[in-house]
Every structure is written in structure tokens, then in C-alpha cells.
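Subject: The structure, and what turned up in it

Hi,

Here is the structure I promised to pass on.

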Amino acid sequence: MIKDLISIKLHNYVTHKDSNIDLSKQGSYFIYSNNRDNKSMDGNGSGKSLILDSFFFGLWGRPIRNSSPDNLVGVFDKYCSVEVILQLDDGFYYKITRYRKHPKFKNRPFVQSSPDLVKWSDNLGKETPTDTDLFIIKLLGINYDGALSSIVITKPRSELNFCESKDTKRKEILSNLLNLDWINDAFMRAKEHNRFLKNLLRDMDLKQKDIINKISNTSRAITVYEKHSNKFINDKKIAIADIRGKISY
């Protein structure tokens with residue numbers, strides 16, 4: 001699980017050309033800015049919300065706003081990137097860097113670890129971006145929906161809203177937040193084992209019926225054979241008696 005958020009570094013992320021937000025000091029942060037393109041808007045539209053938006057994109061590959069990730073690439077470069085450094089409860093620091101439309105890295109996320117924020121490991125990511133995303137979720141212990149539901153923010157109605165979500169979605173989010181996924185895994189394993197036992201019992205029942213049918217057919221065949229044998233013996237006895245009668249004359 002996430003213990004501390006250390007920094008967020010943005011390159012060409014929407015309106016951010018190059019921004020490095022230091023969050024290493026514990027406590028509350030007040031973010032203030034001026035809109036230099038439109039002074040009448042004061043701080044509105046200056047990119048404050050994009051910082052939180054980039055946090056979600058950097059870790060889970062999805063911005064908060066209902067927007068295509070390709071639209072995150074600003075006008076200052078041909079690609080954008082977000083670097084998030086955080087500390088997990090295992091004591092290690094992790095640097096997660098995610099690119100969009102990079103000429104070399106494409107849309108791949110990269111994961112590195114460090115015990116001291118100085119020496120970083122090689123990429124811990126998996127072979128494909130999808131596998132790396134699953135690795136990041138497992139590493140952080142929380143997914144996009146769980147993180148979004150645990151942060152109180154004003155967002156469009158089209159975005160995830162825990163209070164308005166269906167019961168199945170709420171269950172999924174709470175299971176992730178409380179790290180109860182193992183219960184769902186155990187339940188699924190139990191269902192699979194139960195299905196396996198049912199199939200095995202069905203196969204055994206079919207085999208039992210097949211054996212009973214074979215025994216029944218064999219019993220009928222024995223009865224017919226016995227009847228024919230008795231008739232054959234009786235016919236032979238009659239024939240022998242007839243021959244003896246002729247001999248006695």
C-alpha cells in the first residue's frame with residue numbers, strides 16, 4: 001500500500017511543459033497559480049487539477065477526466081510523460097514513469113525501486129504494458145476505481161461516483177480498498193472446485209449407469225443362453241429316449 005507520495009514530474013502533460021511537484025514534506029499542500037493566458041480567470045484553467053489528474057494517469061494509465069490519453073499530449077513536444085515517486089509500506093521507494101506517444105517507449109509504463117532515492121533498479125515492469133499495469137495494481141494494493149473512490153474531489157457526473165454506483169461496483173471497490181480480493185479469489189476457486197466435483201460426480205454417475213446397463217444386458221443374455229441350453233438338453237434327452245425305445249424292439 002502507498003505510504004507517502006514523494007513527487008510528481010510532468011513533461012508536456014496537457015498545459016504543463018515541464019513541472020516538478022515536490023510532495024516529500026508531510027502535511028497539507030495549498031496549490032495556487034495564475035492563468036497567464038487569460039488573466040480574467042485568475043487561477044482557473046491554469047493546470048492545478050491536472051496535477052491530480054496526472055497522478056492517476058501516471059499510476060494507472062487513466063486520467064480522471066473523461067478524455068482519451070492521446071489528448072494528454074501537449075503542444076510543447078511530440079509525447080508526454082508522467083513520473084510518480086512514492087514510498088510503499090515495505091519501506092522502498094518506487095518510481096513509476098508512464099509515456100504517451102513516445103517515439104521509442106510508445107505508451108509503456110516503467111517501474112523502478114530504490115532503498116534511498118539515489119540508486120534505482122532496472123525496470124521491474126513486465127513484457128507487455130497490460131501485464132505491467134496489473135503488476136502496478138498488485139504492487140500498490142489499489143486500482144484506479146479504488147483510488148478514485150477514496151479521494152473526495154469534484155468530478156463530472158459521468159465519472160465514477162461511489163454513492164451512485166451499483167452494489168456490484170461498490171463491492172468491487174470496497175474489496176480492493178480493504179484488500180479483500182483474496183476472499184473473492186477463494187470464492188472463485190471454491191466455485192471452480194465445486195464445478196469440478198459436480199462434473200466428476202456426473203461422469204461417475206454415467207459410468208455407473210453404463211455398468212448397470214452392461215450387467216442387465218449380460219443377465220438377459222445369460223437367461224436366454226440358459227433357456228436355449230435347457231431346450232437343447234431336453235431335445236437330446238427325448239432323442240436318446242426315442243433311440244433306446246427303438247433298440248429295445
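This is a predicted model: local features need pLDDT of at least 70, side-chain atom pairs count only at pLDDT 80 or more; totals for chains, interfaces and linings use all residues.

His16 is found in strand β2, which covers residues 16-22. With a relative accessible area of 10%, His16 is buried. Its side chain makes a polar contact of 2.7 Å with the side chain of Ser19. Not counting residues up to four places away in sequence, His16 touches Leu10, His11, Gly47, Leu50, Ile51 and Phe76.

Next, the core. The largest nonpolar core has 30 residues, and those with the most contacts inside it are Tyr13, Phe56, Leu59, Trp60 and Leu140. Two or more residues each come from β1 (2-13), α1 (48-60), β3 (80-88), β4 (93-100), α2 (129-140) and α3 (144-150). The most come from α1, with seven residues.

Nine of its nine residues are buried, so β3 is largely enclosed by the rest of the structure. Cys80, Val82, Val84, Leu86 and Leu88 point one way from the strand, while Ser81, Glu83, Ile85 and Gln87 point the other way. β3 pairs with β1 in the antiparallel sense over eight bridges, and Lys9 stands opposite Glu83 there. β3 also pairs with β4, antiparallel and over eight bridges, with Val82 opposite Arg98. β3 and β4 form a hairpin with four residues between them, and Gly91 in the turn has a positive phi of about 90 degrees.

Now the rings. The structure holds nine aromatic pairs. Phe56 and Tyr144 make an edge-to-face pair, 5.6 Å centre to centre with 75 degrees between the planes. Phe56 lies in helix α1 and Tyr144 in helix α3, so this pair ties together parts that are 88 residues apart in sequence. Phe56 is buried at 0% relative accessible area, and Tyr144 is buried at 5%. Ring pairs link Phe55, Phe56, Trp60 and Tyr144 into a cluster. Arg62 lies over the face of Tyr144, 3.8 Å from the ring centre. Elsewhere, the charged end of Lys126 sits over the ring of Phe135, 4.8 Å from its centre.

Happy to talk any of this through.

Best wishes

Key. Residues are numbered from 1 along each chain as its sequence is written. Side-chain values use heavy atoms; hydrogens and water are left out. A nonpolar core is a set of buried Ala, Val, Leu, Ile, Met, Phe, Trp, Tyr and Cys residues joined through side-chain atoms within 4.5 Å. Buried means under 20% relative accessible area, exposed over 50%, partly exposed in between (1.4 Å probe, protein chains only). Two strands pair if DSSP finds at least two bridges between them. A polar contact is a pair of N or O atoms within 3.5 Å; within protein, one must be able to donate a hydrogen and the other to accept it, and residues adjacent in sequence count only if both atoms are side-chain atoms. Contact means heavy atoms within 4.5 Å. Rings of Phe, Tyr and Trp (its six-membered ring) pair if their centres lie within 6.5 Å; planes under 30 degrees apart count as stacked, over 60 as edge-to-face and the rest as tilted. A charge sits over a ring if NZ of Lys or CZ of Arg is within 6 Å of the ring centre and within 35 degrees of the ring normal.
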